[in-house]
Amino acid sequence: MSALVGPSADAARLTVLSGPSGVGKSTVVREIRRHHPEVWLSVSVATRAPRVGERDGVEYFFVSDAEFDRLVADGDLLEWAEFAGNRYGTPRSAVFSRLESQQPVLLEIDLQGARQVRRSMPDALLVFLRPPSWEELVRRLTGRGTEAPEVVERRLRAAREELAAEEEFDVTLVNSSVQDVCGELLAWMMDPNSQDRG
Ligand code: ADP
Ligand code: 5GP
């Protein structure tokens, strides 16, 4: 069982990136992974099947339902949620040890997870990624071609709820350009004064 104490007050910044499915979160994270090794990207556990090209331990640790149950029971997840029929969670100890070693940490998680982090780690920076328009979100999600039509429908239903929660976040970035969003996100992550955001 892991200790449930959080990182100390002088630990590095924890940033959460959320937004509706298809908005471009994974694309932004991939870009940051490629060009900014100073940022540590948490790798979540997930019960869904890997998409073509996804590797275990890189995009996710792909686990069975029984393994996920065990992680929850042991208190090993900082947060977790069920999303569109699958479960996803953030391994707690890896996040805390990176923060303690002064490395900025980025979590790419859904709205329910962002709310849990807000409660357990109030100093975390919550960033909402918004599409330029609803039509563009539908285009991106269907254009990705990785989900069956009924799964796309399910994700779009969740997207309406997620878009309505934008005001719960500290910062909104509009994903018109991946490069621009990465630059803005990094600026927020590295800015020591943005703890005082009002
Ligand atoms: P998410 O991780 O939020 O579900 P993805 O990163 O998988 O979304 O992106 C969904 C689709 O949108 C992908 O096909 C991706 O290439 C595309 N995409 C992402 N960002 C942009 C952008 N700024 N402009 C155009 N297409 C984008
Ligand atoms: P996907 O199946 O498209 O990779 O992810 C579906 C949703 O799950 C996305 O909104 C993504 O942000 C979210 N997600 C991924 N990992 C986690 C996690 O560890 N915790 C939570 N709460 N959501 C996650």
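Student: Which residues come nearest to ligand 2?

Tutor: Please bear in mind that this is a predicted model. Ligand 2 has 16 residues around it, and those that come nearest are S44, R48, Y60, Y88 and E108.

Student: Which distance separates an oxygen atom of ligand 2 from the side chain of R48?

Tutor: One reads such a feature from pairs of N or O atoms, for which the cut-off is 3.5 Å. An N or O atom in the R48 side chain is 2.7 Å from an oxygen atom of ligand 2. For Y60, a polar side-chain atom is 2.6 Å from a ligand 2 oxygen atom. A nitrogen atom of ligand 2, in turn, lies 2.7 Å from an N or O atom in the side chain of E79. On its own, ligand 2 has 510 Å² of accessible area, of which the protein covers 97%.

Student: What is the order of the strands in the open sheet?

Tutor: In general, the strands of a sheet pair through backbone hydrogen bonds, in parallel or antiparallel fashion. Here the 4 strands follow the order 4-3-6-5, and the pairing is mixed. Strand 4 (60–62) and strand 5 (77–83) are the edge strands, each pairing on one side only. From one strand to the next, the twist averages 25 degrees.

Student: How many bridges join strand 3 to strand 4?

Tutor: Strand 3 (residues 44–46) and strand 4 run parallel and are joined by 3 bridges. V45 has F61 in strand 4 as its bridge partner.

Student: Which helix packs on the sheet?

Tutor: Helix 3 (residues 92–100) does, touching strand 5 and strand 6 (86–91). The direction of helix 3 makes about 35 degrees with that of strand 6.

Methods
Residues are numbered from 1 along each chain as its sequence is written. Chains are lettered from A and ligands numbered from 1 in the order in which they are written. This is a predicted model: local features need pLDDT of at least 70, side-chain atom pairs count only at pLDDT 80 or more; totals for chains, interfaces and linings use all residues. Side-chain values use heavy atoms; hydrogens and water are left out. Two strands pair if DSSP finds at least two bridges between them. Helices (H or I, at least four residues) and strands (E, at least two) are DSSP runs, numbered from the N terminus. Axes are lines fitted to C-alpha atoms, for helices over the stretch in contact, and angles run from 0 to 180 degrees between N-to-C directions. Contact means heavy atoms within 4.5 Å. A residue is near a molecule or strand if one of its heavy atoms lies within 4 Å of it. A polar contact is a pair of N or O atoms within 3.5 Å; within protein, one must be able to donate a hydrogen and the other to accept it, and residues adjacent in sequence count only if both atoms are side-chain atoms. Accessible areas come from the Shrake-Rupley method with a 1.4 Å probe; for residues, only the protein chains shown count as cover.
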